[in-house]
Amino acid sequence: MDETYNNRTSLVKGAKDIAKEAKRQAARNLNKAVDRASDEYSTQHSYNRFHNEGMEEDNYGQQDGHYRENDDGASSDATEGHDDEDEIYEGEYQGVPAYSDGKPPDGHVALGQPVSDSLKNHKDLEKETQTDEEELAQQYELILQECGHGRFQWQLYFVLGLALMSDGVEVFVVGFVLPSAETDMCVPNSGAGWLGSIVYLGMMVGAFFWGGLSDRVGRKQILLISLSVNGFFAFLSSFVQGYNMFLFCRMVSGFGIGGAVPIVFSFFAEVLAREKRGEHLSWLCMFWMIGGIYASAMAWAIIPHYGWSFSMGSAYQFHSWRVFVVVCALPCVSAVVTLTFMPESPRFYLQIGKHDEAWMVLKHIHDTNMRARGEPERVFTVNRIKIPKQFDELVEMQNESANLVLKSHFCQLSALFRYYGLSVWFPDVIKHLQADEYASRVKIHNNERIEDFTFNFTLENQIHRNGLFLNDRFIAMKFKAVTFKDSSFLNCYFEDVSSVGSFFRNCTFVDSFFYNTDIDDSKLINSRVINSSFHHNKTGCQVTFEDDYSAYWVYFVNFLGTLAVLPGNIVSALLMDKIGRLSMLGGSMVLSGISCFFLWFGTSESMMIFMLCLYNGLSISAWNSLDVVTTELYPTDRRGTGFGFCNAMCKLAAVLGNLIFGSLVGITKAIPILLASSVLVCGGLIGLRLPDTRANVLM
């Protein structure tokens with residue numbers, strides 16, 4: 001009888017070991033398991049295989065009756081309670097697992113007890129953790145399917161959309177306020193251009209900093225803090241007067257908004273089921289376009305209105321561009337207010353071992369969606385969720401995944417380099433075309449003699465050579481793009497005169513009087529002033545947009561270029577899950593590279609604007625694909641860090657694009673166009689060779 005009992009015990013133990021090994025082998029084939037489970041869910045509306053796996057193992061071992069009495073009626077002390085102690089804890093919602101009080105001697109393991117983690121080597125623990133994470137990813141995917149896609153996801157969509165909109169506004173604010181801010185604060189040419197670079201540097205540091213913190217502290221909390229920093233310093237920058245302090249405020253503002261992109265996409269992806277992820281992340285990208293449209297519209301409506309300003313003495317000036325800066329901070333403030341009412345990411349809670357908090361958030365998602373569907377009686381059936389073991393060591397990525405990450409980063413760097421480079425280059429090309437057209441209409445006056453005449457009107461776009469002005473009066477008038485060369489002013493009177501883009505070169509002033517004018521040494525180039533006096537000169541730099549058609553036109557062109565992104569956004573959202581992320585990425589970059597090449601043949605404003613709209617419409621699909629792919633490449637515990645690092649490198653590419661393309665403005669258009677086209681085509685060809693990630697579940 002003893003031999004029969006021992007054989008039976010060995011048989012049961014061997015059967016249980018086989019069952020466990022079969023379970024581990026099945027978990028490794030991740031994507032097939034999810035597809036199979038999804039089919040089971042759709043037909044049976046149940047994911048309880050994760051709940052019942054432990055029970056199935058018990059039943060498998062009980063077929064031979066080893067938990068019942070032996071043939072002679074005696075019970076077995078060796079096998080009694082064996083299954084309860086050998087069951088692997090999978091994170092029950094109710095309570096904490098009860099571990100056996102009996103402790104085996106050091107270096108020994110009691111019969112029938114699981115091996116302690118301290119007695120396993122690192123490879124075994126890593127393998128076990130990988131299996132746990134795969135099982136959690138499968139189960140989490142099924143839980144999201146039970147929760148459904150509905151009101152909760154749309155609420156979070158609009159809240160995170162406001163945060164992403166703030167990032168888009170921040171990028172456009174830099175370009176729109178740059179000319180006005182530098183003029184208003186009397187920035188010399190040596191300091192011009194620092195504003196654009198310093199903001200991108202702040203965003204670069206912020207992306208990596210806030211993205212890394214979001215993996216440690218939480219998506220919601222870090223996003224709230226980063227947006228608050230952005231909103232506060234953006235608002236403060238509109239009131240500071242010194243250029244250095246303004247640079248500092250905009251840098252810190254950029255540092256704050258740098259965390260928006262990596263956290264927003266990580267957060268939203270973690271509440272989306274696999275079949276919804278690509279499409280709805282693409283819809284989320286549309287808010288970046290909305291931010292650009294908002295900034296362009298506000299710039300067009302506010303900045304050119306110079307009358308929207310006030311001053312407190314000569315020390316404090318608040319011009320219209322400062323009003324624009326305040327208005328552009330409103331989306332960020334709105335995002336902070338609405339985000340406070342949203343819960344933390346349940347996937348983040350599970351990753352850090354907070355099972356109960358994750359369960360409550362998932363139940364909230366389920367109940368919110370079911371109430372919106374008119375099915376409040378539907379019960380959330382989840383009662384236990386797998387939690388992977390926590391390690392302090394950073395597990396290295398597999399070579400295949402690392403290569404995929406590097407290639408996707410190259411695609412992003414190439415896209416950012418050409419986008420921000422062309423975003424600086426293209427408006428300046430428009431300005432140069434406008435300047436050439438404006439210069440073609442200049443009026444030239446040679447050897448004129450004007451005596452005892454009163455100028456009380458605006459002189460615009462004129463050149464006066466070898467002129468003689470005797471006893472003339474210049475009162476309450478403006479010089480706009482007027483140049484005097486080798487001219488003489490004898491006994492002339494200047495009062496309440498302002499000048500924009502006007503200079504006196506090699507001129508002579510004799511017995512002349514200046515009162516309340518802005519004519520100073522910077523306007524008098526190689527000129528002589530003899531027995532003349534200046535009184536109550538205007539201080540500071542003069543900012544004016546009155547009758548400035550070009551200012552309205554530049555903002556309107558940016559508005560059209562941003563609006564042209566809308567069709568590409570819609571197409572990419574509808575096709576992202578159908579044709580695949582990488583196919584859309586490569587195709588979009590190649591097509592936008594070809595369209596960029598045709599900018600070479602743009603000889604007029606209308607043609608350049610058309611090519612800009614076409615280029616933006618074709619390239620936006622690449623942006624959306626990169627955002628989706630980057631989100632799906634990284635596991636949950638490194639998603640914010642990886643996305644943040646990638647976004648930081650992209651901002652570095654933006655700085656390089658600004659410097660390189662900005663230095664070529666007005667010199668040649670061949671190099672910028674060829675450089676951008678070649679970078680886009682090369683990045684697109686690399687993107688076409690990458691494996692698709694649309695079948696991935698969030699690890």
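Modeller: First, a definition: a nonpolar core is a set of buried Ala, Val, Leu, Ile, Met, Phe, Trp, Tyr and Cys residues joined through side-chain atoms within 4.5 Å. Buried means under 20% relative accessible area, exposed is over 50%, and partly exposed is in between, with a 1.4 Å probe and protein chains only. This is a predicted model, where local features need pLDDT of at least 70 and side-chain atom pairs count only at pLDDT 80 or more, while totals for chains, interfaces and linings use all residues. Residues are numbered from 1 along each chain as its sequence is written, and side-chain values use heavy atoms, with hydrogens and water left out.

Biologist: Which residues have the most contacts inside the largest nonpolar core?

Modeller: In soluble globular proteins, nonpolar side chains tend to be buried together. Here the largest such core has 95 residues. The ones with the most contacts inside it are Leu-160, Phe-268, Leu-284, Phe-324 and Leu-362.

Biologist: What is Leu-284 in contact with, leaving aside its neighbours within four places in sequence?

Modeller: Contact means heavy atoms within 4.5 Å. On that basis Leu-284 meets Tyr-157, Leu-160, Gly-161, Leu-164, Val-264, Phe-265 and Phe-268.

Biologist: How many residues are in the second, separate core?

Modeller: That core includes Leu-459, Phe-489, Phe-514 and Ile-519. Its residue count is 19.

Biologist: On to the holes. How much space lies in the largest cavity?

Modeller: On a 1 Å grid over the protein atoms alone, a cavity is a set of points where a 1.4 Å probe fits but cannot get out, and lining residues have an atom within 4 Å of a point. Grid points are joined across faces, edges and corners, and the volume is the space filled by probe spheres set on the points. The whole-structure search turns up four cavities of 30 Å³ or more. The largest cavity holds about 50 Å³.

Biologist: Which element gives the largest share of the lining of the largest cavity?

Modeller: The lining includes Ser-166, Val-169, Asn-230, Arg-250 and Ala-329. Elements giving two or more residues are α6, α8 (219–237) and α12 (320–328). The largest share is four residues, and it comes from α6.

Biologist: How many residues of that lining are nonpolar?

Modeller: Ala, Val, Leu, Ile, Met, Phe, Trp, Tyr, Cys and Pro count as nonpolar, Asp, Glu, Lys and Arg as charged, and the others, Gly among them, as polar. The lining has two polar and two charged residues, and its nonpolar residues number seven.

Biologist: Why does Ala-329 count as buried?

Modeller: Ala-329 is in the loop between α12 and α13 (330–339). Its C-alpha is 8.3 Å from that of Asn-230, 99 residues apart along the chain. Ala-329 counts as buried because its relative accessible area is 6%.

Biologist: And Ser-214, what does it touch beyond four places in sequence?

Modeller: Ser-214 sits in helix α7 (residues 194–214). It counts as buried because its relative accessibility is 1%. Its partners are Arg-219, Ile-222, Ile-263, Phe-348 and Gly-640.

Biologist: Now the strands. What is the bridge partner of Val-497 in β13?

Modeller: Two strands pair if DSSP finds at least two bridges between them. β8 (residues 473–485) pairs with β10 in the parallel sense over seven bridges, and Met-477 has Val-497 as its partner in β10. β10 (residues 493–500) also pairs in parallel with β13 (residues 513–517), over four bridges. Across that pairing, the partner of Val-497 is Thr-517.

Biologist: Which residue in β16 stands opposite Tyr-515?

Modeller: β13 and β16 (residues 533–535) run parallel, joined by three bridges. Opposite Tyr-515 stands His-535.

Biologist: Is His-536 buried or exposed?

Modeller: His-536 is in the loop between β16 and α17 (549–563). Its phi is near 50°, a positive value in a residue other than glycine. With a relative accessible area of 60%, His-536 is exposed.

Methods
1 Å grid on protein atoms, 1.4 Å probe; cavity = no way out; pocket = protein on both sides within 12 Å on 5 of 7 lines; lining within 4 Å.
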